[in-house]
Amino acid sequence: MPKILVCYKWVLDEQDIRVNAADASLDFSRAKYKISDYDKNAIEEAVQLQESQGATIDAITFGGPAVKQSLKDLLSRGPDKVYYLADPAADKADGHVTAGVLAAAARTKGPYDLIICGEGSSDAYNQQVAPRMAARLGLPAITFVQSLKLEDGRIVATRKLGDCTEVVTIDGPAVVSVVPEINKPRIPSLKQVLAAAKKPSEEIKIADLGLTPAQLTPKTVSMTVKGFVMNRKNILFKEPAQADNVAKLVAALAKEGVC
Amino acid sequence: MSGILIFSENNATALELLTAGLGLKATMNQPLCAVALAEEDAAALAAAGADKVILLKGRDWPEGYAQPIAELAAKDLAAVILIGGTARGKDIAAKVADGLDAGLVTEAQTIEIVDDKLQTTRLKYGGLAVASEATVLPAVVTVAPRTFDKATAAGGQGQIISLDTADGDPRVKVSDLCPIERQGVDIAAAARIVCVGRGLSQKEDLALAEDLAKALTAEIGCTRGIAEDYHWLPVERYIGISGQKVKPEVYLSLGVSGQVQHVAGIRDSKIIVAVDSNEKAPIFEAADYGIVGDLYEVAPLLTAAFKK
Ligand SMILES: Cc1cc2nc3c(=O)[nH]c(=O)nc-3n(C[C@H](O)[C@H](O)[C@H](O)COP(=O)(O)OP(=O)(O)OC[C@H]3O[C@@H](n4cnc5c(N)ncnc54)[C@H](O)[C@@H]3O)c2cc1C
């Protein structure tokens, strides 16, 4: 029975982040965490393979102390077990550190026949964890996958590459990243949510992974993060009669030289 | 640790990287080497200002060149490796970065060397924010297509060196390469855009937007839901951080709420106009002009007005 590992990130929901117009600083006070949207597609794809092939699914996440809150949501989406690394180092981790931590953990808990990631995380969207993990594990990477099959120990994936698609067939294990259009993640049912409470989770400590300090030191550090402030005219026409609004808009556009 | 290396499997993008690379060369004062996979691309890069072009041969899958590129960069002691931010480029960049044990910045918008570090800016949180970051050298950076202008041929005399590489990974087989048929024009280049969102209740109502687009001589764009969930329009028409980035003279939306991931794709528009029934829709914060109203009432009136 194939053994699948699916990776996910517990991120702040960008819809809840406010930009303070005065100084472009970000206000996270109302922001809640969620499973990164792209990773929901990765999880769903693993579950669909499980349903069609009888695979077992482990999930893994590397995050700050808050990451423990994610376990129930994750398990209700179908995986059999979840490993988590809760460490403040995650808040400063770049792709180099994250891929190194996840690859080391996958090596300890594996081997896996297939490792699935989302195409990027919805917060930082660095789009490098899957291929970097593959490189660390000495496995082929198949990125931007829009359809995925397992056939007698082979992985057959169709990739979406901007101007073309191609089919990649791998003998043996691989790391793949999937694009959102690969599936539509289902909403967990009440039964699944209840079942999640009985599924196992296990903490992995970074210190037990045998990584060197250099492997845990980010190559990229953040200097500033500023909200994008839109500088637009924000002129709103809201008369009850739409004909008036349209006339005003057309006059304004005429002034701009548009029509 | 010294030089600059650039690579894209897409030659138009490679010439844009050359512009960025030449900018870095001016501060770093180091040679600029380009990697190409086709003879004519190598010649174009050499003519447009690369000091040296390595023409790599021997593999039939661009991603298979990640390892030879990493080896070249290591041998050349490249300090900054710029790679075109196509899907293939991002795959290659991650493997090159790992081969060099280097940091990788994805889709940088600005690139500088300051105090022996690479300083970049890029979008974060779905386009809501801009992050400035510093990366130790050597560093790999991907740059999205059309971020920089193409370097123009300047009668450069760059040397071209052919290099055969060993076979690729025997575990990987690539087949069924299939071009995606573009349906209609490239909206990234459109001068005017009418964009429809989920405020539209059924596919047939696209006719409303099409009439308006005709009156305004505009192309039709859409939000992700219209393309990816409803499949009413082809995916290359959807605008946003994961879709097309557009920069028309006029962008006019009908029933688009203006979530950050969509707005990230329209920010370079000269004039933004929005029609939405919800006065609180975030699109109005991103717009120059807005009409609060039912698009089914407003769109035909606009069409009639523009026809005049
Ligand atoms: C990781 C990620 C990446 C994403 N990338 C993109 C992307 O690249 N591009 C993109 O577009 N989206 C993207 N999205 C989705 C994005 O967050 C929004 O869900 C999407 O843009 C909303 O589309 P919409 O405006 O069409 O629909 P809605 O948000 O449902 O808005 C519909 C609007 O229509 C209005 N309306 C309804 N009826 C009428 C009427 N009769 N007349 C006038 N107005 C009416 C409503 O008031 C509302 O404002 C992404 C999401 C995620 C999580």
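Let me start at the ligand: one of its oxygen atoms sits 3.1 Å from a polar backbone atom of Gly255(B). Please keep in mind throughout that this is a predicted model.

Staying with the ligand, there are two further contacts to look at. Asp276(B) uses its side chain, where an N or O atom is 2.7 Å from a ligand oxygen. Leu295(B) uses its backbone instead, with an N or O atom 2.8 Å from a nitrogen atom of the ligand.

Which residues come nearest to the ligand, out of the 27 around it? They are Arg198(B), Thr223(B), Ser242(B), Ser257(B) and Asp276(B).

On the chain A side, 70 residues are in contact with chain B, and on the chain B side 80 residues take part. The size of an interface is often given as the accessible area lost when the parts come together. Here the area buried between chain A and chain B is about 6500 Å², and carbon and sulfur atoms give 55% of it. In chain A, the residues that lose the most area to chain B are Lys219(A), Arg232(A) and Gln242(A), which together make up 10% of what that side buries.

Now the polar side of the interface. Between chain A and chain B there are 48 residue pairs in polar contact, counting pairs with both residues at pLDDT 80 or more. Which elements of chain A give two or more residues to the side that touches chain B? Two helices are among them, helix 4 (129–137) and helix 6 (242–255), and the strands include strand 10 (154–160), strand 11 (164–171) and strand 15 (235–237). By type, the residues on that side of chain A divide into 35 nonpolar, 18 polar and 17 charged.

How many salt bridges are there between chain A and chain B? The count is 10, while the structure over all chains holds 34. I will show two that join the chains. In one, Arg159(A) pairs with Glu63(B), and the closest N and O atoms are 2.5 Å apart. This pair goes from strand 10 of chain A to the loop between strand 3 (52–57) and helix 3 (66–75) of chain B. In the other, Asp171(A) pairs with Lys173(B), with the closest N and O atoms 3.5 Å apart.

The chains also meet through strands. Strand 15 of chain A runs parallel to strand 16 (residues 289–292) of chain B, and three bridges join them. Within strand 16 of chain B, Tyr289(B) is the bridge partner of Ile235(A).

Last, some backbone details. Most residues other than glycine have a negative phi, and most peptide bonds are trans. Where does this model depart from that? The bond from Gly110(A) to Pro111(A) is cis, with omega near 5°, and Pro111(A) is in the loop between helix 3 (95–109) and strand 8 (114–118) of chain A. The bond from Leu137(B) to Pro138(B) is also cis, with omega near -5°; Pro138(B) is in the loop between strand 8 (129–136) and strand 9 (139–143) of chain B. Asp101(B), which is not a glycine, has a positive phi of about 50°. Asp101(B) is in the loop between helix 4 (87–100) and strand 5 (103–105) of chain B.

Notes. Residues numbered from 1 in each chain as written. Chains lettered and ligands numbered in written order. Heavy atoms only, no water. Contact = heavy atoms within 4.5 Å. Buried area = accessible area lost by both parts, 1.4 Å probe. Salt bridge = Lys/Arg side-chain N within 4 Å of Asp/Glu carboxyl O. Polar contact = N/O pair within 3.5 Å; in protein donor to acceptor, adjacent residues only side chain to side chain. Helix = DSSP H or I, 4+ residues; strand = E, 2+ residues; numbered from the N terminus. Nonpolar A, V, L, I, M, F, W, Y, C, P; charged D, E, K, R; others polar. Pairing = 2+ DSSP bridges. Near = heavy atom within 4 Å.
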